[in-house]
Amino acid sequence: MLYERPNYMGHQYFLKRGEYPDYQQWQGLNDSIKSCRLISQHLGSGNHKIRIYERDDYKGEMMDFMEDCPNVYDRFCSHEIHSCNVLDGHWIFYELPNYKGKQYLLRPGEYKKVTDWGSSTARVGSFRRVLDLH
């Protein structure tokens, strides 16, 4: 996972193993990368489960997912996710549908508000599991 700013801050970019001759190949907004983090190849049990909520602190409508979601609005009837609980596996939230826009890596754990996963807005257009790091 590449980060635009030091200390794993700013825009995030998930890259699978491969060659990326320039930042546009990974949908980068610019060519500034100040920190990076390896996602462990041992991602747990191989299962994935995430619980998303309509409001902060796990309130409002709730829905569980075990599969990728290319369009949050089609499944959740909202463009916003204000909190979530990653029960198993690693996930990536995307700002726009079809896995486009800003990216946010979510490891197993609790995210009571959007700033917990590094976003300033609750807009999540799609999300998917981190399955294969090769």
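Colleague: Is R129 buried or exposed in this model?
Modeller: This is a predicted model, and every value here is computed from it. Buried means under 20% relative accessible area. R129 has a relative accessible area of 18%, so it counts as buried.

Colleague: Which residue forms a salt bridge with R129 with the closest N and O atoms 2.8 Å apart?
Modeller: A salt bridge needs a side-chain nitrogen of Lys or Arg within 4 Å of a carboxyl oxygen of Asp or Glu. With the closest N and O atoms 2.8 Å apart, the residue is D68.

Colleague: How many residues apart in sequence are the parts that the pair of E67 and R129 ties together?
Modeller: E67 forms a salt bridge with R129, the closest N and O atoms being 3.3 Å apart. E67 lies in the loop between β5 and α1 (72–76), whereas R129 belongs to strand β10 (residues 126–129), so the pair ties together parts whose separation in sequence is 62 residues.

Colleague: And is E67 buried, partly exposed or exposed?
Modeller: Exposed means over 50% relative accessible area and buried means under 20%. The relative accessible area of E67 is 48%, so E67 is partly exposed.

Colleague: What is the distance between the closest N and O atoms in the salt bridge of D64 with K49?
Modeller: D64 in strand β5 (residues 59–65) and K49 in strand β4 (residues 49–55) are 15 residues apart, and the pair links distant parts of the chain. D64 counts as partly exposed at 31% relative accessibility, and K49 is likewise partly exposed, with a relative accessible area of 27%. The closest N and O atoms of this salt bridge are separated by 3.8 Å.

Colleague: Which residues are linked with K49 in a network of salt bridges?
Modeller: By the rule used here, the count for the model comes to five salt bridges. One of the pairs is D64 with K49. The network that includes K49 also takes in R51 and D64.

Colleague: Which residue in β6 does K49 stand opposite?
Modeller: Strands β4 and β6 run antiparallel and are joined by five bridges. In this pairing, the residue of β6 opposite K49 is D88.

Colleague: How many bridges join β6 to strand β9?
Modeller: V86 stands opposite G109, which is in β9. Strand β6 and strand β9 (residues 109–111) run antiparallel, and the number of bridges joining them is three.

Colleague: Is N85 buried or exposed?
Modeller: N85 is found in strand β6, which spans residues 83–88. Leaving aside residues up to four places away in sequence, N85 touches K49, I50, R51, Y58, G109 and E110. Its relative accessibility is 15%, and because buried means under 20%, N85 counts as buried.

Colleague: How far apart in space are V114 and V124, C-alpha to C-alpha?
Modeller: V114 is found in the loop between β9 and β10, and at 12% relative accessibility it counts as buried. Beyond residues up to four places away in sequence, V114 touches I81, H82, S119, S120, T121 and A122. V114 and V124 are 10 residues apart in sequence, and their C-alpha to C-alpha distance is 10.0 Å.

How values were computed
Residues are numbered from 1 along each chain as its sequence is written. This is a predicted model: local features need pLDDT of at least 70, side-chain atom pairs count only at pLDDT 80 or more; totals for chains, interfaces and linings use all residues. Side-chain values use heavy atoms; hydrogens and water are left out. Helices (H or I, at least four residues) and strands (E, at least two) are DSSP runs, numbered from the N terminus. Buried means under 20% relative accessible area, exposed over 50%, partly exposed in between (1.4 Å probe, protein chains only). Contact means heavy atoms within 4.5 Å. Two strands pair if DSSP finds at least two bridges between them.
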